[in-house]
Amino acid sequence: TGFQGGIAAFGAVATNAHKIVHLTTYHSMTRHRANLCAALGNTTGHAGNTISAVNAFSAVFNVAVTLLAQTYTRLGLNYKAISGSPLSEWSQAGLVTGIVFTMLFTAN
């Protein structure tokens with residue numbers, strides 16, 4: 001979304017401003033403030049990129065499920081019908097944990 005893009009853009013601008021300050025000044029307080037700005041910029045840029053990755057994953061997954069449901073409907077099959085045994089709560093928890101840890105790995 002635009003909000004995540006704004007966060008990532010702020011991070012990029014803050015990081016570039018940090019580089020410019022370090023290349024153009026010798027004043028210690030200015031360099032200290034630039035370091036603080038750069039730290040905030042790196043954090044927000046990273047957060048924006050992580051959220052963008054999560055959104056991209058969600059979008060691709062939703063499109064894939066929609067196409068699968070359309071194919072089942074076109075074939076005259078009920079895509080909500082369970083053809084095998086339902087997953088246990090442990091299996092469901094394992095699937096969710098796998099997705100959560102993938103997103104945490106992306107965040108690092």
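Q: Is Thr50 buried or exposed, and what is its relative accessible area?
A: This is a predicted model, in which local features need pLDDT of at least 70, side-chain atom pairs count only at pLDDT 80 or more, and totals for chains, interfaces and linings use all residues. Residues are numbered from 1 along each chain as its sequence is written, and side-chain values use heavy atoms, with hydrogens and water left out. A residue counts as buried under 20% relative accessible area, as exposed over 50%, and as partly exposed in between, using a 1.4 Å probe and protein chains only. Thr50 is therefore buried, because its relative accessible area is 14%.

Q: In which helix is Thr50 found?
A: Helices (H or I, at least four residues) and strands (E, at least two) are DSSP runs, numbered from the N terminus. The protein has three helices and zero strands, and along the sequence these follow the pattern α-α-α. The one that holds Thr50 covers residues 28-74 and is helix α2.

Q: What distance separates the C-alpha atoms of Thr50 and Met103?
A: Along the chain, Thr50 and Met103 are 53 residues apart. In the model, the separation between their C-alpha atoms is 8.1 Å.

Q: Which element of the protein has the highest mean pLDDT?
A: The predictor's confidence in each residue, from 0 to 100, is called pLDDT. Its mean over the protein is 76, and 78% of the residues reach 70 or more. Among the elements, the lowest mean, 68, belongs to helix α1 (residues 2-24), while the highest, 81, belongs to residues 89-107, which form helix α3.
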